[in-house]
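Hello,

I am handing this structure over to you. Please look through it first; my notes follow below.

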Amino acid sequence: METRELEPSEETQLDFIINEYFEPSKVTSKKRVSSGHINKTYFIQLEGCSYILQKINTHVFPNPDRLMKNIEKVTDHIRMKAIYFGKNPERSVLSIIKSKDGHCVTKRNNQYWRCFRFIDKAKTCTSEKTKETFEEVGRVVGEFQSYLCEFHAADLEDTIEHFHDTPHRYEHFKDVVRKDEFQRKDTCLEEIEFINNHQHIYNLITDKLDKGLIPLRVTHNDTKLSNVMVDEETGKGLCLIDFDTVMKGSLLYDYGDALRLGASTAAEDEKDLSKVHIDLEMIESFSRGFLKEVKSIITKDEIEGLYNGYLIETIEVAMRFLDDYLDGDRYFDIQYSNHNLIRSRNQIKLVKEIEAKEQEIKTIINNVLIELDFKKEFLLW
Ligand code: GN1
Ligand code: MG
């Protein structure tokens, strides 16, 4: 986890919040976490334990209480499952820490904060990913799906409506391009054309969900590498974090979104596109871990859609970054002026490779299915 020192103004604000959770004199260190595009995240250490304090972005999540209710329900369910299967619940699920007044959300100056326990001796593997750890990441994402497969999805609120509704996102994108409020269209005509040329694929998952051809499940919806914790020493997968977008959705979203970044050879905002490739070995490792865990719940139609999940999740994020760039960078946190455009170009490069290697990716998936002894009728060919 990358962290940086606090700005003095940040520190004053943070100290008030720390006081709601901890005896201030017991805090030994406080840092800002650099990753994450939405909420502001801080790493707080006390002598015996570490915590994550987060300021919730209410532009993106206007109802923090409902958001936390969702997280409470889902983490309770996973905890129950982890205990049932003999796992250490402290390391197998995100834990909400209540404030000293017993609240899951703390409000101050119209800002909303929450706290989670930081899992000890754990890390994300954004910088040093190996095939073995990425298989573990796949296992963690698959396990999340299988643990929640009987959870009543209708009990969850939509924290962001139409979150992975790609056709809906495309309508918004066209609107933003049409308005071109910030006169940035001319700087990204090629990228806009690329997004427009793919409109025939945007409904491939949503149509199947609407027609009931693939099941509506509880999905994490943001399974990127920085949201998967692994054991610092052994590299064994522990659990998913960042439950803000846990809602109803398709298993294909979680499979595809994890590959989007996890199987890329570069960071999401790498400017040098010659460094941005998809890594077929990583796709294989992730698929092995994931499919092992979901073997007893995944349907044939879902298996057939895995490739589309990867393709559509990647182009959807490319579209969202470009949309935000054209719309004045109001959604994603940026560090420099064309950061969102850079991110979008990077994701478009990945999409081009995913398309060019469609057959190879499907063959990899099929070979993993054979290796894992999936029934003949579940194979792609
Ligand atoms: C955002 O905040 P973070 O980094 O976990 C976004 C995801 C995107 C991701 C792209 C609520 O996630 O949907 O895929 O950036 N989260 C939200 O890196 O929009
Ligand atoms: Mg997130």
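Strand S1 (residues 3-4) pairs with strand S2 (residues 27-33) in the antiparallel sense, over two bridges. Strands here are DSSP runs of E with at least two residues, helices are runs of H or I with at least four, and both are numbered from the N terminus; two strands pair if DSSP finds at least two bridges between them. Thr3 has Val33 as its bridge partner in S2.

This is a predicted model, in which local features need pLDDT of at least 70 and side-chain atom pairs count only at pLDDT 80 or more, while totals for chains, interfaces and linings use all residues. Residues are numbered from 1 along each chain as its sequence is written, chains are lettered from A and ligands numbered from 1 in the order in which they are written, and side-chain values use heavy atoms, without hydrogens and water.

S2 also runs antiparallel to strand S3 (residues 40-46), joined by six bridges, and Ser29 stands opposite Gln45 in S3. The two strands form a hairpin with six residues between them. In the turn, Gly36 has a positive phi of about 95 degrees.

Asn366 is in helix H12 (residues 358-371). Its relative accessible area is 2%, so Asn366 is buried (under 20%; exposed is over 50% and partly exposed in between, with a 1.4 Å probe and protein chains only). Leaving aside neighbours within four places in sequence, Asn366 is in contact (heavy atoms within 4.5 Å) with Leu379, Leu380 and Trp381.

Regards
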